[in-house]
Amino acid sequence: MDEFNTRKPMNLRRRGIYLLPNLFTTGALFAGFYAIVQAMNGKFESAAVAIFIAMVLDGLDGRVARMTHTQSEFGAEYDSLSDMVSFGVAPSLVVYEWALKGMGKWGWFAAFIYCAATALRLARFNTNIEIVDKRYFQGLPSPAAAALIAGFVWLMLDYDI
């Protein structure tokens with residue numbers, strides 16, 4: 001009985017450590033979702049800030065997982081799905097609501113092209129992760145592309161353009 005009790009806290013601690021990087025990923029996912037909601041409400045500056053917050057949290061989740069030695073296939077897939085929302089769907093909907101909505105079908109088509117390009121970029125990264133040399137990064141990372149979109153919207157809002 002004593003042996004069981006000594007193992008239980010260790011297992012709970014280990015589970016807690018595994019949850020830590022996924023909490024950062026969940027925070028990034030929430031920031032992407034929040035950006036979408038703020039764009040729908042016409043609060044584009046808040047939406048842009050949320051995308052940048054998602055970038056910070058996305059950078060932290062991987063670092064925390066490596067520092068705590070808790071990398072997992074689940075965490076990698078969850079991070080990829082979070083990236084798709086935060087750096088694919090959110091920026092495309094923000095820019096659509098901000099500038100492309102008045103263009104009708106062409107506007108949502110342009111926003112969709114960005115969203116689809118992000119999905120293809122993430123899929124390419126995920127399938128080449130074992131093949132490509134990790135010292136070199138191919139293409140534009142999706143957080144950087146999202147930063148260009150969110151930064152552009154934020155800059156235009158600051159200058160009342």
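Predicted model: local features only at pLDDT ≥ 70, side-chain atom pairs only at ≥ 80, totals over all residues.
User: What makes up the protein chain, helices or strands?

Analyst: The protein chain has 5 helices and 0 strands. Read along the sequence, the pattern is α-α-α-α-α.

User: Why are H3 and H5 called roughly parallel?

Analyst: Let's start with the value: helix H3 (residues 73–100) and helix H5 (residues 142–158) pack at an angle of about 25°. Angles under 35 degrees count as roughly parallel, so H3 and H5 are roughly parallel to each other. Their axes are 9 Å apart, and H3 passes H5 in a left-handed crossing.

User: Which residues make the contact of H3 with H5?

Analyst: On the H3 side they are Phe 87, Pro 91, Val 94, Val 95 and Trp 98. From H5 come Ser 142, Pro 143, Ala 146, Ile 149, Phe 152, Val 153, Met 156 and Leu 157. By class, these residues divide into 12 nonpolar, 1 polar and no charged.

User: And why are H2 and H3 called roughly antiparallel?

Analyst: H2 and H3 pack at an angle of about 165°, with their axes 10 Å apart. Angles over 145 degrees count as roughly antiparallel, so that is the name for H2 and H3. H2 passes H3 in a left-handed crossing.

User: How many charged residues are in the contact of H2 with H3?

Analyst: There are 5 charged residues, along with 10 nonpolar and 1 polar. In H2, the residues that meet H3 include Asp 58 and Asp 61. In H3, those that meet H2 include Asp 79, Asp 83 and Glu 97.

User: How do you know whether Val 153 is buried or exposed?

Analyst: Look at its relative accessibility, which is 0%. Buried means under 20%, so Val 153 counts as buried. Val 153 is found in helix H5. Leaving aside neighbours within four places in sequence, Val 153 is in contact with Phe 44, Val 94, Val 95 and Trp 98. Val 153 and Ala 48 are 105 residues apart in sequence, and their C-alpha atoms are 7.1 Å apart in space.

User: What about Ser 80, buried or exposed?

Analyst: Ser 80 sits in helix H3 and has 11% relative accessibility. The cut-off for buried is under 20%, so Ser 80 counts as buried. Not counting residues up to four places away in sequence, Ser 80 touches Leu 122 and Asn 126. For the whole protein chain, buried residues make up 34% of the 161 residues.

User: Which residues have the most contacts inside the largest nonpolar core?

Analyst: They are Ala 35, Ile 51 and Val 94, in a core of 24 residues. Two or more residues each come from helix H1 (2–40), helix H2 (44–67), H3, helix H4 (105–128) and H5. H2 gives the most, with 7 residues.

User: What does Ile 51 touch?

Analyst: Leaving out residues up to four places away in sequence, Ile 51 touches Ala 35, Ser 86, Phe 87, Ala 90, Pro 91, Val 94, Ala 146 and Ala 150. Ile 51 is also one of the H2 residues that meet H3.

User: How many of the chain's contacts join residues at least 24 apart?

Analyst: Among contacts between residues at least 6 apart in sequence, 74% join residues at least 24 apart.

Technical notes:
Residues numbered from 1 in each chain as written. Heavy atoms only, no water. Axes fitted to C-alpha atoms, helices over the stretch in contact; angles between N-to-C directions. Helix = DSSP H or I, 4+ residues; strand = E, 2+ residues; numbered from the N terminus. Parallel < 35°, antiparallel > 145°, perpendicular 65-115°, else oblique. Left-handed = near helix turned anticlockwise from the far one by under 90°. Contact = heavy atoms within 4.5 Å. Nonpolar A, V, L, I, M, F, W, Y, C, P; charged D, E, K, R; others polar. Core = buried A, V, L, I, M, F, W, Y, C linked by side-chain atoms within 4.5 Å. Buried < 20%, exposed > 50% of the residue type's maximum accessible area, 1.4 Å probe, protein only.
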